[in-house]
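Hello,

Here is the structure I promised to pass on. Have a look at it first, and then read on for what turned up.

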Amino acid sequence: MSATAPAADERLAPASVLRKLLGRPELGAVVGAAAVFVFFSFAAPSFLQASSLSTILYSASTIGIMAAPVALLMISGEFDLSAGVMVTTSALVSSMFSYQMTANVWVGVLVSLVVTLAIGFFNGFLLTRTRLPSFIITLGTFLMLTGLNLGFTKLITGTVSTKSIADMEGFPSARALFASQWTVGPVTLKVTVLWWFAIVAVATWILLRTRAGNWIFAVGGGADAARAVGVPVVKTRIGLYMGVALCAWISGQHILFSFDVVQSGEGVGNEFLYIIAAVIGGCLMTGGYGSAIGSAVGAFIFGMTSNGIVYAQWNPDWFKFFLGAMLLLATLLNAWVRKRAEAK
């Protein structure tokens with residue numbers, strides 16, 4: 001009597017390329033980016049010029065630098081509504097500390113780093129201690145920072161903007177790090193593009209190649225269940241909020257050393273752009289799903305749309321409509337992609 005061969009476990013069968021693609025969170029964003037690119041290529045002939053590419057990449061990088069850490073935070077199931085004004089706070093602290101103390105601007109930059117990281121730690125610590133929704137906590141931080149930015153700037157300078165620090169020691173080297181640019185053929189690349197690529201690369205490595213990445217997905221899937229299997233939920237959440245703060249510091253220094261002065265009212269509303277880029281890139285509002293690469297694609301879509309409307313000579317008042325439409329379509333597409341991936 002011959003023995004019956006054991007049935008092969010279908011979980012061990014090699015997955016096809018199509019199956020792997022359907023499981024990627026950024027699939028919908030890539031399809032959307034291709035559609036937006038083709039659309040504006042026909043709607044605006046100047047869209048394909050090298051100078052236009054420079055502008056699009058710069059616009060995308062200013063959003064993408066913040067969208068990557070916000071995406072990681074959303075994967076863990078949390079939000080940060082203070083991210084936009086935190087960027088301005090970072091720039092204001094650097095500028096006013098350097099100017100008032102007549103110190104090397106690098107002193108102000110380092111003080112700003114400490115202050116900004118402290119704000120991120122405050123958000124994460126308060127979240128883990130109070131168990132309040134991150135929406136409420138970061139909304140409170142948003143309002144406090146908005147008031148502090150305006151109040152302290154007017155108290156110290158007498159106006160709503162800071163004084164110029166362009167003639168201070170250390171300014172050229174700081175500008176080289178945070179606000180320089182290079183010309184590569186017909187394309188002018190600003191340093192924010194390099195910062196953006198580096199941050200996305202590090203965030204992707206953390207998510208896919210480190211234990212911390214597993215913790216982030218676990219916390220987003222269910223904090224109590226993650227805690228039960230030994231995931232350090234508190235440290236993970238605090239670390240993610242401090243990651244958002246670190247990137248806010250980088251963005252704030254870019255603003256300061258690009259324009260020499262900072263307006264205290266800047267940054268309000270940008271937090272929604274970061275969240276939109278992350279959602280378009282595949283992150284779910286409920287957490288546990290998404291990628292840093294997807295946030296980069298979402299930021300690139302933002303850059304193409306915001307500039308494509310200008311190149312097409314349309315009324316820019318329609319930009320918010322297109323942004324909202326893309327958000328809804330991306331959310332529906334991401335949900336469909338995830339269902340297909342889970343079904344397979």
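At what angle do helix 7 and helix 11 pack? The model is predicted, so local features need pLDDT of at least 70 and side-chain atom pairs pLDDT 80 or more, while totals for chains, interfaces and linings use all residues. Residues are numbered from 1 along each chain as its sequence is written, and side-chain values use heavy atoms, without hydrogens and water.

Helix 7 (residues 171–178) packs with helix 11 (residues 233–259) at about 125 degrees, their axes 9 Å apart. Helices here are DSSP runs of H or I, at least four residues, numbered from the N terminus. Axes are lines fitted to C-alpha atoms over the stretch in contact, with angles from 0 to 180 degrees between N-to-C directions. Contact means heavy atoms within 4.5 Å; among the residues making it are Phe171 and Phe178 of helix 7 and Trp249 and Phe257 of helix 11.

Those four also belong to one aromatic cluster, along with Trp106 and Trp195. Rings of Phe, Tyr and Trp (its six-membered ring) pair if their centres lie within 6.5 Å, and planes under 30 degrees apart count as stacked. By this rule there are twelve aromatic pairs. Phe178 and Trp195 are stacked because their ring centres are 6.1 Å apart and their planes at 5 degrees.

Phe178 is buried, at 1% relative accessible area, whereas Trp195 is partly exposed at 22% (buried is under 20%, exposed over 50%, partly exposed in between, with a 1.4 Å probe and protein chains only).

Best wishes

Definitions and conventions: Helix = DSSP H or I, 4+ residues; strand = E, 2+ residues; numbered from the N terminus. Phe/Tyr/Trp six-rings, centres within 6.5 Å; stacked < 30°, edge-to-face > 60°.
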